[in-house]
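My entries follow in the order in which I checked things.

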Amino acid sequence: MTKININDMLTKYNKKNLTIATVCSHSSLQLFNGARKEGFKTLGIAVGEKKKFYDAFPLGKPDEFFIVKNYKDILKYTDELKEKNVIVIPHGSFVEYLGAENFLKLDLPTFGNRNVLMWESDRDKERKWLEGAGLTMPQEIKNPKNINKPVIVKYHGAKGGKDFFIAKTYDEFRKRLKTDRSYTIQEFVMGTRYYLHYFYSPIQDNSFKLSKGGLQLLSMDRRDETTIDEVQRLGSISELEELGIHPTFVVTGNIPIVMRESLLPKVFQMGEAVVEKSLKLFGGIIGSFCLETVITEELKFKVFEISARIVAGTNPYVSGSPYSEFIQPDLSTGRRIAQEIKYANKKNLLNKILS
Ligand code: AMP
């Protein structure tokens with residue numbers, strides 16, 4: 001789907017002088033810090049002006065800023081960026097700010113497989129991928145009249161859980177729905193949330209071996225979502241709803257977490273299945289990805305979403321996590337990405353991990 005010819009682009013690059021670039025937001029401090037630890041030069045793309053707060057974090061600050069008027073303008077400066085031998089690390093905000101279509105057109109070597117975007121952003125395709133891999137997702141309720149248990153209503157394209165709402169009956173659903181927007185209704189899964197941060201390398205298998213390459217678990221987090229996660233300070237949800245105060249799901253931060261060790265085999269089994277299925281469907285999900293899960297009281301995982309690149313939930317682990325510590329001390333996801341690029345460069349395999 002992308003018409004980018006990665007091999008053509010790379011032949012013009014000075015491979016001894018690669019620069020790791022990303023947009024100054026989301027997980028950029030971690031990405032710049034990780035790239036720096038692996039000996040790369042770094043470049044931060046910022047809108048309007050250099051972001052002053054980086055001065056307070058010298059080890060997370062890019063070596064150079066590249067200022068654009070707005071994110072879409074990045075497309076205009078790709079020649080200039082290529083002269084700097086830039087490899088782009090996309091994160092959630094990067095794709096959101098640039099827009100999916102522009103991201104697919106971006107004429108720069110980009111870490112990961114961009115073809116994953118259509119499988120991740122289309123809820124039907126995502127379900128086909130994850131259920132096809134044997135994962136259990138929350139039940140989808142096609143007809144709102146059939147709501148007979150708590151559901152979560154998700155608007156398509158809504159960022160950070162914006163305007164999502166819970167309903168327990170059809171009547172509640174009808175009252176809350178903003179009718180001009182398309183939406184999905186999912187069973188609201190009762191349990192505890194774990195956001196699992198994996199790393200898949202198609203070119204190195206010195207980890208949990210797959211049919212091709214290897215899988216690592218680098219960390220996990222729980223998102224902190226306002227107001228749902230602290231709403232109980234004011235009263236029960238149903239009490240508040242009677243007053244017209246509804247909980248929201250807007251992400252404000254991330255909390256580190258570990259899970260009981262006996263669940264880890266299942267975590268790897270799910271990661272493996274997702275990667276194997278992605279290899280068949282679109283050539284594979286490369287590098288970091290995150291499964292967003294709820295564990296029920298029967299200790300079963302339900303996966304409600306996949307993010308196909310570095311998630312901000314990795315930010316609590318800039319100097320390693322209780323899992324990455326068993327791979328290598330001081331290993332963040334940002335650093336792991338830089339290592340993958342370094343290894344691929346050394347082995348002349350950059351075209352296997354970039355698109
Ligand atoms: P999402 O945009 O799909 O990541 O959802 C935003 C937030 O809504 C998640 O981080 C969860 O807290 C919550 N959520 C999403 N889907 C479900 C579900 N099926 N059951 C319970 N909570 C959910």
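**Ligand shell**

I sorted the shell around the ligand by class and found 8 nonpolar, 1 polar and 7 charged residues, where Ala, Val, Leu, Ile, Met, Phe, Trp, Tyr, Cys and Pro count as nonpolar, Asp, Glu, Lys and Arg as charged, and the others, Gly among them, as polar. I noted that this is a predicted model, in which local features need pLDDT of at least 70 and side-chain atom pairs pLDDT 80 or more, while totals for chains, interfaces and linings use all residues. Residues are numbered from 1 along each chain as its sequence is written, and side-chain values use heavy atoms, without hydrogens and water.

I listed 16 residues around the ligand, the closest being V189, Y195, E225, E292 and E305; a residue is included if one of its heavy atoms lies within 4 Å.

**Polar atoms and cover**

I then looked up N and O pairs (within 3.5 Å for a polar contact). A backbone N or O atom of E187 is 3.0 Å from a ligand nitrogen, a side-chain N or O atom of R223 is 3.2 Å from a ligand oxygen, and a polar side-chain atom of E225 is 2.4 Å from a ligand oxygen. Of the 480 Å² of accessible area that the ligand has on its own, the protein covers 95% (Shrake-Rupley method, 1.4 Å probe).

**Sheet**

I traced an open sheet of 3 strands in the order β6-β5-β7, with antiparallel pairing; strands are DSSP runs of E, at least two residues, numbered from the N terminus, and two strands pair if DSSP finds at least two bridges between them. β6 (165-167) and β7 are the edge strands. I counted 3 bridges joining β5 to β6, and V151 has A167 in β6 as its bridge partner.

Note on methods:
A polar contact is a pair of N or O atoms within 3.5 Å; within protein, one must be able to donate a hydrogen and the other to accept it, and residues adjacent in sequence count only if both atoms are side-chain atoms. Helices (H or I, at least four residues) and strands (E, at least two) are DSSP runs, numbered from the N terminus.
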